[in-house]
Amino acid sequence: MSSQPLAPARSLPPAAALALAGTALLAAGAVENGRRARAAERATPPVGRFVEVGGTRLHVLERGRGPALVLLHGNGSLIQDWLVSGLVDRAARTHRVVAIDRPGFGYSDRPRSRIWTPAMQAGLIRGALHSLGVDEATVLGHSWGAQVAIALAVQDPARVRALILESGYYFPSPRIDSLLFAPQGLPGLGDLISHTVAPVASRLLWPRILDRLFGPSPVPERFARDFPVEMVLRPSQLRSAAAESVLMVPDAFALRPHYQSLRMPVTILSGTGDRLLSHADQAVALHRQIPGSRLVAVEGAGHMLHQIAPGRVLAALDESGERPRTL
């Protein structure tokens, strides 16, 4: 029986081999990012309870007794931001503090069937406050949370006794981050990016992110030690943060016509050194738009005022509670 030589194995074309290697690398990255996300949740379990509104579950922390204070965190953050700052414990001495993980952050749901604009989130939070028996509250919103706080005041002015707006974005302006995050906000592609590339890139860029958030102020030791960074870098949370970055400019357009109609006491907090948002173009401009509002400028401070200068934020809370409702 004659034997014939075996045909040489065909090697993959370079482009196909590169694509195969890239796919394998992305898959391995997705597995590792998923593992780290689960580990982060084990290390940082829920600190509050869950309230369901219209089929959407919100994670809510309550502390203290007295007049209600509702805390709405910024983009990409979660309840622990308020806890690490010490603001929750200090405010709870005189207030019933209600800190909420906004949709898609911390342990709150973010159903894909809705576009989570500030108005949509305000409606959800309004329902949660109703179920919690919070009929009247001072609402403190930080950064993106300030947009939600304003939307809540527009929708339900009888429930919002006073507004404290910290480091918010109120007027449309060119935002390079809105363009950069646009692909990550898309269905399908956004999930791929969020589960593979985004967590790795965010870990590498974390020191630079902190510099933008806190600078020119230093990062407080307590934040560096206790803030659950890996919770922020979970794929689901990164995708929610990307979606909110894309919504910033159109949401500011939508809210702008309502500023002059706000009749409750409004305190506007801003750091003059904020590297994310212009103090003059945002906080000062809003102060001019809202009759009777109060502007508190923290000289040289960055974006994270509740971390950098919690005493100034608490002072604003005390002063806003003493002011009568504007009729």
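Author: Happy to. Keep in mind that this is a predicted model. Let's start with strand β7, which is mostly covered: 6 of its 6 residues are buried.

Reader: Which residues of β7 lie on one side and which on the other?

Author: V266, I268 and S270 sit on one side, while T267, L269 and G271 sit on the other, and all are buried. That is how we know that both faces of β7 are covered.

Reader: What makes β6 and β7 a pair?

Author: Two strands count as paired with at least two bridges between them. β6 and β7 are joined by 4 bridges, so they pair, and they run parallel. One example is E166, whose bridge partner in β7 is L269.

Reader: And how do you know that β7 pairs with β8?

Author: By that rule of at least two bridges. Here 5 bridges join β7 to β8, so these strands pair, again running parallel. L269 turns up here as well: its bridge partner in β8 is V296.

Reader: What lies across these strands?

Author: Helix α12 (residues 279–289) lies across β6, β7 and β8, running at about 165° to β7. Together, β7, α12 and β8 make a right-handed β-α-β unit.

Reader: Why is that unit called right-handed?

Author: Picture the strands pointing away from you: a path from the first strand over the helix to the second that runs clockwise is called right-handed. The unit of β7, α12 and β8 is right-handed, so its path runs clockwise in that view.

Reader: What is the order of the strands in the whole sheet?

Author: The sheet is open, with 8 strands in the order β1-β2-β4-β3-β5-β6-β7-β8 and mixed pairing.

Reader: What makes β1 and β8 the edge strands?

Author: β1 (49–53) and β8 (294–298) each pair on one side only. From one strand to the next, the twist averages 25°.

Reader: Which helix packs on the sheet at β1?

Author: That's α4 (residues 118–132), which touches β1, β2, β3 and β4, and its direction makes about 115° with that of β1. As for β1 itself, 5 bridges join this strand to β2, and the two run antiparallel. Among the residues involved, F50 has H59 as its bridge partner in β2.

Reader: How do you know that a charge sits over the ring of F50?

Author: The charged atom has to be within 6 Å of the ring centre and within 35 degrees of the ring normal. R57 lies over the face of F50, at 3.8 Å from the ring centre, which is within that distance limit. Likewise, the charged end of R234 sits over the ring of Y107, 5.8 Å from its centre.

Reader: Now the rings. How many aromatic pairs are there?

Author: The structure holds 4.

Reader: Are Y170 and Y259 buried or exposed?

Author: Buried means under 20% relative accessible area. Y170 has 1%, so it is buried, and Y259, at 0%, is buried too.

Reader: What makes F171 and Y259 edge-to-face?

Author: Their planes are at 75°, so this pair also passes the cut-off of over 60 degrees. The ring centres are 5.5 Å apart. F171 counts as buried at 12% relative accessibility. Ring pairs link Y170, F171 and Y259 into a cluster.

Reader: What makes the phi of S143 and S167 worth a mention?

Author: Most residues other than glycine have a negative phi. S143 has a positive phi of about 55° although it is not a glycine, and S167 also has a positive phi of about 55°. S143 lies in the loop between β5 and α5, whereas S167 is in the loop between β6 and α6.

Reader: Which residues does the cis peptide bond join?

Author: G215 and P216, with omega at about 5°. P216 lies in the loop between α8 and α9.

Definitions and conventions:
Residues numbered from 1 in each chain as written. Predicted model: local features only at pLDDT ≥ 70, side-chain atom pairs only at ≥ 80, totals over all residues. Heavy atoms only, no water. Axes fitted to C-alpha atoms, helices over the stretch in contact; angles between N-to-C directions. Contact = heavy atoms within 4.5 Å. Phe/Tyr/Trp six-rings, centres within 6.5 Å; stacked < 30°, edge-to-face > 60°. Buried < 20%, exposed > 50% of the residue type's maximum accessible area, 1.4 Å probe, protein only.
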